[in-house]
Structures are given as structure tokens and as C-alpha cells.
Amino acid sequence: MKEVFIEFFGMQNPNVRYVVLGSVLLSISSAIVGCFTFLKKKALVGDVVSHAVLPGICLSFIVTGTKDPFMLIIGAFITGWLSILVMDYIVQNSKIKEDTATGLALSVFFGIGILLLTVIQHSGNAAQSGLDSFLFGKAAALIGKDLLAFGLIAIVILATVFLFYKEFKLICFDPDYAEAIGVPVKKMEMLLTSITVMAVVTGIQAVGVVLMAAMLITPAAAARFWSDRLSFMLVLASIFAALSGVSGAFISYTTPSMPTGPWIVMVLSLIAVFSFFFAPGKGIIIKLLKRRKIQMQLLEENLLKSFYKIGEITEDFKAARSNAELKEVRRFSSGQFREGLNRLAKQGFIKRNNGTWSLTAEGLQKGRRVVRLHRLWELYLTKYLRIAPDHVHEDAETIEHVITPELEARLEKLLEYPDEDPHSSNIPYN
Amino acid sequence: MNDLIIIVTGSLVAICCGILGCFLILRKMAMVSDAISHAVLPGIVIAFMLGSDLDSIWMLVGAGLVGVFTTFLIEFFHRQGKLQTDASIGVTFTWLFAIGVIMVSYYAGDAHIDQDCVLYGEIAYVPIDPIITDSGSVLGPKALIVLSIVLLVILAVILPFYKEFFLTSFDPAYAAAIGISATIWHYLLMSLVSITTVASFESVGAILVVAFLIVPPATAYLITTRLHHMIGLSCVFGILAAILGYYIAYWIDGSIAGAMATVAGLNFGFVFGWTQIKKARPVTSPPISQD
């Protein structure tokens, strides 16, 4: 394994070099273009274009009679562009929605392409063999000439994005504002579409029609979970793409029966799914944890409040309370009840003694504060917003967990350190 | 006789897809069907490996499950991860498709799976293999029987619950308010779509399924505002595409599936053009008199 690793990354073998460099160049240029289509919420445009290049390739073969890659790419470019125009025209001039127009353009262009391809294949023209590499990709068979083309396209795409970075950013986030400050929105959109089509037309030769969509969408989707800044997102998407490009090439190098393109997409997808779950801030798991943390805070504070309220009634805040007593003040589900009490005990807010619980000094202070905030807020609502006293409880139930010490001080000052809330309950101070 | 079998098979696909496609379009879920049609690939490969026949009932059941799983993943990334729908669709189906292709490559030595058949053939793409186009052998009555069963299943689900599908398509909020769960009908519809996809790809290929699911209903959508008219019209347009497509393919010696999709597209083009002309020259109604 180690030798294979060294052999692969030493890149002595020109074939390996071509495949790796080709995959990386392609992945990066698609990822960068993909970020913009992703942000414009047109992620599936890449899928349409990749299906729509087929008729172009076939037509250009029928017209020129050769497999000159340059001519084929021009044909592909034209029908790829055409599919986007058709899509936009249908959406703008009928009640048909965007998703339907997308599927329509995709399937009809591809159908026409398949029809032409089979006609060519049945025509007995010997030169046609290999046309279908546009359909399925041939990343493992990249040669020097392909690499040159990919490199060129990558440079064009990178240069365009670099030059028009600000304009692209504007038309992605706020096309109306862009229009207002004099950005030629239509022209910029055409330019963006052109480099998208270009990325698709070249990328398709490596990964095939279906997986091309992933090369555009997946790195952008993954990167979006890690950053809110476009520049950082572009860099991250490129890194993810490059990583997948190298991994895909490496896997198909170590196991020759394994196809490069699908593995590139596989690695990309795994990175994306990992990001969906674990990215800090936006990841699903992180969000669940945050939500749980807040739920726990609410539970703990509500429990302490119950202790305090019993204390108010019995005028003894530190006496031991049984579970039944606590549950009488407020309803808790039994699982939560036990968990909350254990957590409070661990943090030193309450003490356990033979199945009953009593407040510690810290617990008493915290419980008192929650009750104080609740009653201060109720008073504030009745006094300043003129809400009826019987309507303020629900709102206070929520806000009591949120108010910061600064806000608390301002409330107290504004209300002039009141003694009673609107329900004539005592507002407790330390 | 072969002509007739092919045309009837194509028409059956057209009818199955025409019915389901209308609901998909109204729910703005056209691209989800595209995703499902690609995502069933790993399911098909697994079923192959378990030794089940392409036409077996288990294949259809498995397809239904894969379809539900795909839909679930798309929804999950969208709802829980707050990923925009289009990206969620794109990421999900390409991932599942890549898994399918990798599985095919891995089991290439296995006698049950032929990479050309699965990848280059009808499953992943449209039948570009000439064996299929000289008909009979593949478009045999077996596909006909499977598709008839699928059509019966679709009718058996849609007809009794037409109201539920209708309401959840047009006004999910109202449907929820009167106690119809949008989720159940959503997933049911998606499993029907995947069953249809698997039953049809053998004869027409994944992309043509998508073409039949989207293009005839979209054509019908242009000229009617009533759901049952739309369903009827899309079946008619679909059958038309199947018949004309077959003869065009026969005439120019090309892929039948490709020709059917092309005709469906042309058909849409004509209707679209017609509605545009009608819109440009509105029928002048007599002026309303003032007194």
C-alpha cells in the first residue's frame, strides 16, 4: 500500500500525472462556477446543460464529419446555451414553473441527442466510434492533449471570475441593486452562463453526463455550510473539489476496475454529507445540540422557579421538597423531570437528601432571579405596552430565560425598582 | 406485430407517466422525478445481486422503497440542513447514481451484471444499443405485462384517493386543515413514480421516463386549467409521441426512445407556439355598452 502511495504521489508515471492534474483542474473550475449557479439558486442548470450538449456534439459531427474536439466543443457549447435560453423563455412566457421547464429542456434535448447519436452509429461511419465518451466520461484515459484543453478552460474560467468577481457577486445576491448601480446585469449573466456551459462541456468528458451536475453543485453546497463569505466559500469549494479529484484518481489507480469519475463524485458527496451534519454553525448535529442546550436551560430554570414558588408559599426556601410537591407547581414530563434535577444537583444548585431535594444558596439566588425577571417583564408589559394583566404571563414565560443582566438593570431602573407585579405578587430582590 | 407491441408498450409508459406527471408538475416536483429515475440505479444493482429478476415484483417493491428513500433524503437535507431544494436534489441523486455506478464496476465480474447493459444501456441512459432498436427481443410482451400491472397499481391508488391527491397538490395547507396528511400522499406518489421508472427503463430508458413524466403534462398544462382534463390530455399527447416517435425512429433508423422524446418536445413546441400566437393576438370581444 505504501509503495503504491509513493508511486502515485511521486507522479513519475506520465499517465498518472495526466489523470490527476486533469481531474483536479476540472474539479476546481466546475466547483468555482458551481458556487455562482448555486447562489443564484440555479444549481440544476448544470444538469440541463450537461444533457443538452449531446445533440450539439452529434450535429457538429454530422456537419463536419470528423471528431475534431474543437468542432465538437463548439457544437456542444451552442446547444448547451440554447437549452438555457429555451428554459428561460418558457418560464418567462407561460405559466410553466422553473422546475418543469428544467426537466422539459433536459429530457427533450437529451432525447434529440440520443436520436442523433443512434442515427450516426447506425450510419456505418467508422469515424463515429468514441463519440459516446461524452456520455459516460473517460477520466482514467486522459491524455496530454486533453490536459492542455482542460488547463486552458480552467485558466479562462478563473480569469473571468477574477476579473468580474464583484459583478458576479452582485448579480448572485442582489440583481436589482446591481441594476441600479449600473452593472450590466444581462451581459454579466450571459458571461456567467457562458463559463458555466464551458465548464460543463469540458467536464463532461471526464465524468459523464449525469455526474457532471455533482461537479458543479456538490462542492458549492458543502462549502456553503462552512462559510457565509463568498470568497471563503470559493476557496473551500475548490479545496473540496481538488481533494476529491486526487482521491478519485488515486482510487481508480489502486483498483483499476474502479471508475475515476464516480469516485470523484463519491468523495465529493461524502464531504458534502459530512458538512451537512457536522459543519460548525450550520450543521444538522450542531443545530440539534444547540437546541438541546437551550431546552436544558429552560428546564433547569423552570425547575428552580418551582422550588422558589413553593418557598414563597411556605415561607421557607431551603426546606426539602419531594418530587410530588415540585410537580404540583408545574407539569414536567417524568423523564425530563429526573434529568433536570440530576443536572441541577450536579451543578450545585440543589442538594439531594433521601429522595427529596433542597435548594442551595446558589440555587435560591438563580430561582429568585428567574421569578424576578418574570414579574418585572409582566409589569413592563402592563405599564408600557398597556397589555391587560391576564395576557402577559405567556410572554413572560419565554422572555424570563433570555433577559441579560444589563437588560435586567435597565428594566429595574425604568420601572423604579417596583415591589409588586400586576398580579400583586412580590418582586424579589437579592 | 412487433410494431404494435412497441407502440402499445410506449403508450403504456406514456399513460402511467402522464397520470403521475400531472401531479408532479402541480406540486413543483418535476425535478424530483428526474432525481428518482437516476437514484434507483443502486437499488437495481442490489436487486440484481440478490438474484432477483428485473421483472419480479420484488424489483418493483424495492424501487418503491428506493424512491421513498431518495425523496426522504432530499427532504431531509432541505428541511433539517436548510439546503436549498435544487441543490438538495442535485447532491442526492448524483451521489446515489455514483454509488450505483461504483457498485456496477465492483460486481462487473459477476455474471448477473453486465456493465454495458446497466451503464451504457437502458438503465443509466437511453437505449443506444442497436439490439434494442431492432425491437422484439427487448420490447417483448414481458415489459408489456409488467407495465400493465404498474398501470393497474397506479389507477388503484389514484382513483379511490383522487380527492386527496388533488387537494394536497393544490392547497396543502387546506388539506392539512381538514385532516389530510400531505406527507403520506407525497411519499405514495413518489413511490409510484419510482415503480414506473423501474418498470419502464427496460423498454424506454431513464431519460425517456422523465420526458414522458414532464413533457406531455407540461403541454397539457398550457391549454387547460382542470386537473382531469390535464391528465386526459397528457395521456393523449404521450400516446401521440409514442406512435409518431416509433415511426420516425423506424424511418431514420435511430433510437425509439430518443425519437419519442423528440416528438414529445416538438409537440410541446407546437402547443407553446400556438398559445404564444393566441396571446399576442387576443380575441377581441365586443365592447361593453355603457348604458
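This is a predicted model: local features need pLDDT of at least 70, side-chain atom pairs count only at pLDDT 80 or more; totals for chains, interfaces and linings use all residues.
Reader: How many helices and strands does chain A have?
Author: Chain A has 19 helices and 2 strands. Of its 430 residues, 51% count as buried.

Reader: Why is T196(A) called buried?
Author: The cut-off for buried is under 20% relative accessible area. T196(A) has 2% relative accessibility, so T196(A) counts as buried. T196(A) is part of helix α10 of chain A, residues 185-207.

Reader: Which residues does T196(A) touch, leaving aside those up to four places away in sequence?
Author: They are V33(A) and T37(A).

Reader: Why does L54(A) count as buried?
Author: Apply that limit of under 20% again. The relative accessible area of L54(A) is 3%, and therefore L54(A) is buried. L54(A) belongs to helix α3 of chain A, residues 45-64.

Reader: What makes G111(A) buried?
Author: G111(A) has a relative accessible area of 2%. Buried means under 20%, so the label holds. This glycine is found in helix α5 of chain A.

Reader: Which residues of chain B does G111(A) touch?
Author: G111(A) touches G258(B), A261(B) and T262(B), when residues up to four places away in sequence are not counted. Within chain A, A52(A) is 59 residues from G111(A) in sequence. In space the two are 9.1 Å apart, C-alpha to C-alpha.

Reader: What makes β1 and β2 of chain A a pair of strands?
Author: Pairing needs at least two bridges. Strand β1 (residues 350-353) and strand β2 (residues 356-359) are joined by 4 bridges, so they pair. They run antiparallel. N353(A) stands opposite T356(A) in β2(A).

Reader: How many residues lie between the strands of that hairpin, β1(A) and β2(A)?
Author: There are 2 residues between the strands. N354(A) takes a positive phi there, near 50°.

Reader: Which residues of chain A does UniProt list as "transmembrane region"?
Author: The unreviewed UniProt entry lists several spans under that name, including 44-64 and 263-289. Such annotations may be inferred rather than shown by experiment. In the model, residues 44-64 of chain A are 95% helix and 0% strand. The end C-alpha atoms of that span lie 31 Å apart. Residues 263-289 of chain A are 81% helix and 0% strand, with end C-alpha atoms 32 Å apart.

Reader: How many residues line the largest pocket, and which lie nearest its centre?
Author: The lining has 36 residues. R27(B), K28(B), M29(B), V32(B) and T85(B) lie nearest the centre. The space in this pocket is about 910 Å³.

Reader: Which helices each supply at least two residues of that lining?
Author: From chain A it is α5 (98-122). From chain B they are α1 (2-26), α2 (30-49), α3 (57-79), α4 (85-106), α8 (162-170) and α10 (182-204). The largest share, 6 residues, comes from α3(B).

Reader: How many residues of the lining of the largest pocket are nonpolar, polar and charged?
Author: The lining divides into 17 nonpolar, 9 polar and 10 charged residues. Asp, Glu, Lys and Arg count as charged. R27(B) and K28(B), both in the lining, therefore fall in the charged class. M29(B) and V32(B) are nonpolar, because Met and Val are placed in that class. T85(B) is polar by the same rule.

Conventions. Residues are numbered from 1 along each chain as its sequence is written. Chains are lettered from A and ligands numbered from 1 in the order in which they are written. Side-chain values use heavy atoms; hydrogens and water are left out. On a 1 Å grid over the protein atoms alone, a cavity is a set of points where a 1.4 Å probe fits but cannot get out, and a pocket is an open set with protein on both sides within 12 Å along at least five of seven lines; lining residues have an atom within 4 Å of a point. Grid points are joined across faces, edges and corners, and a volume is the space filled by probe spheres set on the points. Buried means under 20% relative accessible area, exposed over 50%, partly exposed in between (1.4 Å probe, protein chains only). Contact means heavy atoms within 4.5 Å.
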